[in-house]
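Q: Take me through the labels used on this model. For each one, show the value, the cut-off and the conclusion.

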Amino acid sequence: MRGRLAPYLMVLPGGLWLLAFFAVPLVLMASFSLMTGNVVDGFDQVLRWRNYTEGLELYGDKFVRSLWYGLLATVACLLLAYPAAAWIAFRAGRRKSVYLLLLLLPFFVSFVLRTVSWKFVLADNGIVLGTLKGWGVLPDGFHVLGTTFAVVAGLTYNFLPFMALPIYVALERLDPRMLEAARDLYASRAQTFLRVVLPLSLPGVFAGAIMTFVPASADYVNAEVLGGTENVMIGNIIWTEYFVNNDYPTASALSFTLMAILLAGVFLYARALGTEDVLEAARR
Amino acid sequence: MKHDPLLRRGMTHRRDFLRLVGLGGLGLAAAACGVGGQGGGEKVTASEAAEFWRGKSQNGRLSWANWVGYVEDDRATLKNFTKATGIEVDYKEVINETSEWFGKINEPLRAGQSIGFDLMVITNGIQLEQCRRLGYLAPLDHSRLPNFAANVGASFKDPAYDPGNTFTVPYMSGITGIAYNTKYVKEPITSWSDLLNPKYKGKIGMMGDSQELGSAGMFLTGADPEKSTPADWEKAAAKLREQRPLVRKYYFQDYIEAVTKGDVWLTMAWSGDAYSLAGPEVEFVIPEEGGTIWTDNLCIPRTAENPVDALKMIDYLCDPEVNAPLTEFVTYITPVPGTKDVLRRKADAASGEEKAELTEFLENPLVYPAEADLARLRRYRTLSQEEKEQYQKIFTPIVQDS
């Protein structure tokens with residue numbers, strides 16, 4: 001009896017937490033998303049599904065843009081994080097934990113603060129651009145802040161550890177005897193990587209990609225701080241609808257639409273190249 | 001790996017999720033009937049006001065929510081207040097933007113809960129109107145505000161946005177105009193239409209707040225923001241859309257840093273910021289078409305735990321001797337004209353550089369504007385709830401790029 005109850009008891013604290021702070025707000029939001037009204041006269045539940053269609057009509061392009069930025073940031077994170085994680089896992093030797101700490105170090109500083117500090121680095125006449133302009137390398141009107149590049153770079157920077165850590169974990173667990181075996185079988189370094197290391201690290205890549213793509217697509221801080229007039233992401237729209245316009249129904253409907261898109265995306269992704277293949281590869 | 005833990009975990013997840021949704025259904029039942037409105041809160045009778053203050057007494061502490069840079073860095077005014085009254089002040093710079101602040105306090109105040117502050121500063125405009133109508137603000141007991149009655153200038157009393165100062169007392173006023181960096185802009189900026197000059201493409205900053213942006217659009221199209229009609233709004237919005245490709249960014253707060261560093265060369269700006277926070281090469285100008293004057297107001301949330309202490313602070317700030325050093329620091333327009341005499345006396349007593357600075361300060365039209373300047377200034381349009389929605393539907397898409 002005790003044995004059967006134990007797992008439930010262990011789940012209880014976390015479960016209650018989720019119930020109170022995730023499930024209930026979610027249901028309230030779902031309810032809000034179908035209401036109509038304003039903050040002074042109150043909101044009425046009228047099951048107004050048009051909140052959803054109107055949101056998509058008005059802000060469809062912001063959804064597309066957010067997913068696109070999320071994708072770009074994920075790819076950039078992957079390209080940057082994989083070599084770094086591999087180097088730490090294979091080459092760092094006893095100093096592994098030091099390098100891991102270095103990778104995580106930016107996380108000890110607030111997210112917003114880190115992003116704002118980028119503004120100093122990338123300022124039109126700041127240390128980087130100002131210097132390059134002074135040398136005549138860049139034309140006077142050149143700027144980085146307020147461009148797609150700045151926003152995607154910010155996203156990449158902020159979510160890099162989410163990509164690096166799972167990849168590192170996957171690579172770190174890799175049995176070195178596999179590499180020896182590959183070498184014994186006359187595999188070149190490239191072949192070893194492509195046929196042994198890469199497939200075995202795919203679960204890490206899979207996890208890292210989801211953990212990067214989902215928050216990056218829903219982010220609004222980077223677009224707000226580093227972006228310009230053409231870089232508004234859906235997160236910024238939801239923020240404005242909620243805080244500035246106090247249009248809670250529209251904000252809720254947009255949030256749910258974003259959640260649905262991301263869930264569907266993750267599901268398709270898992271189906272296409274996700275869990276089964278990854279685990280298959282790991283088994284091989 | 002023999003089996004598929006990820007997939008299996010996914011299954012239980014899903015079942016758990018459904019269960020959570022089932023329980024959350026209780027919440028849905030509660031929320032399904034909608035959220036009631038509480039409009040009409042701005043109509044308060046004298047007996048209701050007296051009822052609010054009955055039995056309330058001074059508690060010796062006070063927490064105050066304010067904007068950044070709105071009292072001296074060393075908090076001298078607050079320390080003097082504690083010395084004079086024995087009331088401890090917990091002062092926090094937590095307000096960055098009125099709409100965001102409203103978003104934070106709306107739910108607790110609707111539920112009748114404390115927001116943790118006894119005194120807050122809200123700009124006249126959409127959110128203040130909402131707070132008034134929703135009954136979020138304590139009606140002020142003017143019998144305990146002798147300094148307000150005696151010292152606040154007539155033009156700051158009984159404003160249209162709060163008739164009879166039922167809920168608010170002005171803290172500081174400011175002007176929205178244009179700030180520009182003389183290092184990059186070599187010609188004097190005089191007009192809102194300078195913000196349409198293609199020469200400055202990508203170097204122009206505008207404000208993201210719909211009331212500020214809308215007013216700028218109306219100055220650009222020759223309409224009077226205060227008396228504007230929806231047709232004027234449409235015309236202004238069309239002009240602003242035309243301007244959009246030239247704009248670097250629609251700022252909510254950090255424009256002053258951008259113009260100081262040269263990320264933008266000219267930008268919509270608030271007078272005090274341009275004077276006290278920007279670098280020396282940044283100039284502020286009230287364009288010839290006019291500028292917007294707004295007022296930040298002291299008010300007490302209805303759920304305040306120490307309202308009497310807050311009232312005491314409001315009255316304290318209306319004393320010219322107290323307000324003068326504060327005004328000297330924040331460099332906005334003070335509602336207490338007596339501060340000018342206080343500062344003039346201080347200037348007369350001073351010498352050298354300090355005297356020169358004080359004299360310059362007293363002549364600064366952004367702190368003590370002349371009648372001619374004041375005549376060019378307009379307030380935000382007062383908007384009913386329906387008008388507000390229409391107004392925001394017209395102007396926020398410009399910022400949101402939709």
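A: The C-alpha centres of domain 1 and domain 2 of chain B are 28 Å apart in this predicted model. Domain 1 covers 12-173 + 295-336, and domain 2 covers 174-293 + 377-400; such bounds come from an automatic or database domain assignment.

Q: What makes the two domains of chain B count as in contact?
A: A contact needs two C-beta atoms, placed from the backbone, within 7 Å. By that test, 14 residues of domain 1 of chain B are in contact with 14 residues of domain 2 of chain B. On the domain 1 side, 7 are nonpolar, 6 polar and 1 charged. Here Ala, Val, Leu, Ile, Met, Phe, Trp, Tyr, Cys and Pro are nonpolar, Asp, Glu, Lys and Arg are charged, and the others, Gly among them, are polar.

Q: How is the model numbered, and which residues count?
A: Residues run from 1 along each chain as its sequence is written, while chains are lettered from A and ligands numbered from 1 in the order written. The model is predicted: local features need pLDDT of at least 70, side-chain atom pairs need pLDDT 80 or more, and totals for chains, interfaces and linings use all residues.

Q: What is the confidence in chain B?
A: pLDDT is the predictor's confidence in each residue, from 0 to 100. Chain B averages 88, and 90% of the residues score at least 70. Over residues 1-31 of chain B the pLDDT is below 50, yet this stretch has 26 contacts beyond near neighbours in sequence. The model scores ipTM 0.80 and pTM 0.82.

Q: Why is helix 2 of chain B said to lie largely in the open?
A: Helices are DSSP runs of H or I, at least four residues; strands are runs of E, at least two; both are numbered from the N terminus. Helix 2 (residues 46-53) has 8 residues and the number buried is 0, so it lies largely in the open. Just after helix 2, B:G55 has a positive phi of about 80 degrees.

Q: What makes a set of residues a nonpolar core?
A: The members are buried Ala, Val, Leu, Ile, Met, Phe, Trp, Tyr and Cys residues, joined through C-beta atoms within 7 Å. The largest has 101 residues; B:L119, B:I178, B:L266 and B:A269 touch the most other members. Strand 5 of chain B gives the most, with 7 residues. Domain 1 and domain 2 of chain B each supply at least three residues. A second, separate core of 50 residues includes A:F43 and A:V232.

Conventions
A residue is buried if 20 or more other C-beta atoms lie within 10 Å of its own, exposed if 12 or fewer, and partly exposed in between; C-beta atoms are placed from the backbone.
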